[in-house]
Amino acid sequence: MSLGGPAFAVLSAATWGSGDFFSGLASRLGGLRPALVLSQLFGFLFALTLVPLANEPLPAAEGFAWAAAGGIAGLVGVGCLYLALSA
């Protein structure tokens, strides 16, 4: 049995958990907007490093529209989460 799957699961859980904890803390200490901007900036920079490694073709315009809509919905959801965690 390979330990890769469980190791990645634990790493993923630790990453998400610490991200939620520190995001709530950052939104409490520095405000909601700076916490949102920083979290989205780090996510964008991380995605920029991974996209060239994927070696996939660019999606069509409709794909970009759906991605933008999903990104906006995700931003609103994360903003609500950070606001609740800061309370």
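This is a predicted model: local features need pLDDT of at least 70, side-chain atom pairs count only at pLDDT 80 or more; totals for chains, interfaces and linings use all residues.
Biologist: Fine. At what angle do helix α1 and helix α3 pack?

Modeller: Helix α1, residues 4-30, packs against helix α3, residues 61-86, at about 70°. Their axes are 8 Å apart. The two helices are therefore roughly perpendicular to each other.

Biologist: Which residues make the contact?

Modeller: From α1, Asp20, Ser23, Gly24, Ser27 and Arg28. From α3, Leu81, Tyr82, Leu85 and Ser86. By class, that contact of α1 with α3 has 3 nonpolar, 4 polar and 2 charged residues.

Biologist: And α1 with α2, how do the axes cross?

Modeller: At roughly 140°, coming within 7 Å. That angle makes α1 oblique to α2.

Biologist: Which residues meet there?

Modeller: Ser23, Ala26, Ser27 and Gly30 in α1 meet Leu32, Pro34 and Ala35 in α2. The contact of α1 with α2 has 4 nonpolar residues, 3 polar ones and no charged ones.

Biologist: New topic. Which residues form the nonpolar patch on the surface?

Modeller: Leu38, Leu41, Phe42, Phe44, Leu45 and Leu48. Together they have about 600 Å² of accessible area.

Biologist: Where is Phe44 found?

Modeller: Phe44 is in helix α2, which covers residues 32-54.

Key:
Residues are numbered from 1 along each chain as its sequence is written. Side-chain values use heavy atoms; hydrogens and water are left out. Patches are made of residues with over 30% relative accessible area and no salt bridge: like charges are joined within 9 Å, nonpolar side chains (Val, Leu, Ile, Met, Phe, Trp, Tyr) within 5 Å. Accessible areas come from the Shrake-Rupley method with a 1.4 Å probe; for residues, only the protein chains shown count as cover. A salt bridge is a side-chain nitrogen of Lys or Arg within 4 Å of a carboxyl oxygen of Asp or Glu. Helices (H or I, at least four residues) and strands (E, at least two) are DSSP runs, numbered from the N terminus. Axes are lines fitted to C-alpha atoms, for helices over the stretch in contact, and angles run from 0 to 180 degrees between N-to-C directions. Angles under 35 degrees count as roughly parallel, over 145 as roughly antiparallel, 65 to 115 as roughly perpendicular and the rest as oblique. Contact means heavy atoms within 4.5 Å. Ala, Val, Leu, Ile, Met, Phe, Trp, Tyr, Cys and Pro count as nonpolar, Asp, Glu, Lys and Arg as charged, and the others, Gly among them, as polar.
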